[in-house]
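Q: Please walk me through the terms used for this model, and what each one rests on.

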Amino acid sequence: MRLKDKVAIITGAGAGMGRVTAVLFSEEGARTVVVDIDEKAGQETVDMIRAKGQEALFISTDIADVSQVSSMVRKVTEEYGRLDILVNNAGVYARGDVVSIDEKLWDRIMNVNLRGAFLCCKYSISEMIRNGGGTIVNVASECGIGAWKNQVVYNVSKAGLIFLTKSIAVDFASKNVRANCVCPGTTETPLAAAYFAKQPDPEKARRDFEEIRPANRLGRPEETAYGILYLASDESPYATGAVLSIDGGYTAQ
Ligand SMILES: NC(=O)c1ccc[n+]([C@@H]2O[C@H](COP(=O)([O-])OP(=O)(O)OC[C@H]3O[C@@H](n4cnc5c(N)ncnc54)[C@H](O)[C@@H]3O)[C@@H](O)[C@H]2O)c1
């Protein structure tokens with residue numbers, strides 16, 4: 001029960017790493033708030049958690065929309081009276097280099113991956129401070145550390161998320177609000193599956209992604225979820241501004 005009675009918001013918890021993290025947090029005693037733009041998927045995560053007798057609440061939210069984010073945070077504090085943990089996990093992906101990418105697509109990816117996380121932090125931090133502090137874990141990427149080819153906006157959004165993390169860490173340490181991030185490598189989730197499915201030879205594309213890293217395999221969602229759990233929990237009180245790579249050794253090369 002590493003998160004006993006903590007109130008935790010997890011964005012993008014309708015699928016992939018967010019869902020696995022929500023289930024893990026609930027098993028560890030958190031009152032988990034599942035946030036997703038996809039109502040069916042978000043409700044499914046809540047149903048999975050409740051089926052095990054644990055507590056969860058779904059709040060349908062597009063994190064790119066400021067009024068939806070502020071109303072989501074308000075609902076959480078009305079329901080539970082406090083907010084301890086925010087996991088900014090929701091993210092979207094797009095291909096393209098600086099010349100080929102459409103401006104609208106650039107804005108959409110930045111609005112979710114970076115501005116969405118900024119909005120969730122902006123409205124959550126004052127609630128955390130009101131209650132004596134809290135912790136934020138941002139889900140960035142190995143692509144925020146080194147640039148991957150032909151995905152400029154994704155790379156930039158994740159690099160920005162790493163610096164959003166560091167900026168919050170230095171601005172709010174004195175208020176007992178910590179901010180850290182995890183940088184997963186390619187992980188077995190619907191997002192990765194959708195990417196492979198679009199390639200001319202999906203099996204080869206997958207092998208290519210495995211072979212570029214020392215571990216010679218893709219990550220599993222729970223491997224990232226345990227990193228998020230550590231940074232979100234009271235086991236890491238001195239960790240703030242940290243960037244935790246969980247990528248099978250890719251960025252160590
Ligand atoms: N899967 C990977 O290989 C990988 C690697 C590194 C980093 N990441 C990052 O990890 C995070 C989770 O990735 P995943 O692979 O589990 O993704 P996923 O696509 O499987 O799930 C993402 C979830 O976010 C939700 N979402 C999307 N836009 C939203 C919005 N505007 N508001 C609220 N919810 C929204 C989706 O509905 C979905 O349920 C993302 O930030 C992603 O960029 C993924």
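The questions below take up the helix packing, the domains and the ligand shell.

This is a predicted model, in which local features need pLDDT of at least 70, side-chain atom pairs count only at pLDDT 80 or more, and totals for chains, interfaces and linings use all residues. Residues are numbered from 1 along each chain as its sequence is written.

Q: Why are helix 1 and helix 8 called oblique to each other?
A: Their axes cross at roughly 55° and come within 9 Å. Angles under 35 degrees count as roughly parallel, over 145 as roughly antiparallel, 65 to 115 as roughly perpendicular and the rest as oblique. Helix 1 and helix 8 are therefore oblique.

Q: What makes the residues of helix 1 and helix 8 meet?
A: Two residues are in contact if their C-beta atoms, placed from the backbone, lie within 7 Å. Gly16, Met17, Val20, Thr21, Leu24 and Phe25 in helix 1 meet residues of helix 8, including Pro221, Ala225 and Leu229.

Q: Which residues make up domain 1 and domain 2?
A: Domain 1 covers 7-184 + 220-245, and domain 2 covers 186-218. These bounds come from an automatic or database domain assignment. The C-alpha centres of the two domains lie 23 Å apart. Eight residues of domain 1 are in contact with six residues of domain 2.

Q: Why is the ligand shell said to lie between domain 1 and domain 2?
A: Both domains give residues to the shell, so it lies between them.

Q: Which residues come nearest to the ligand?
A: Of the 30 residues around the ligand, Gly12, Gly16, Gly91, Thr189 and Leu191 come nearest. A residue is near a molecule if its C-beta atom, placed from the backbone, lies within 6 Å of it.

Terms used:
Axes are lines fitted to C-alpha atoms, for helices over the stretch in contact, and angles run from 0 to 180 degrees between N-to-C directions. Helices (H or I, at least four residues) and strands (E, at least two) are DSSP runs, numbered from the N terminus.
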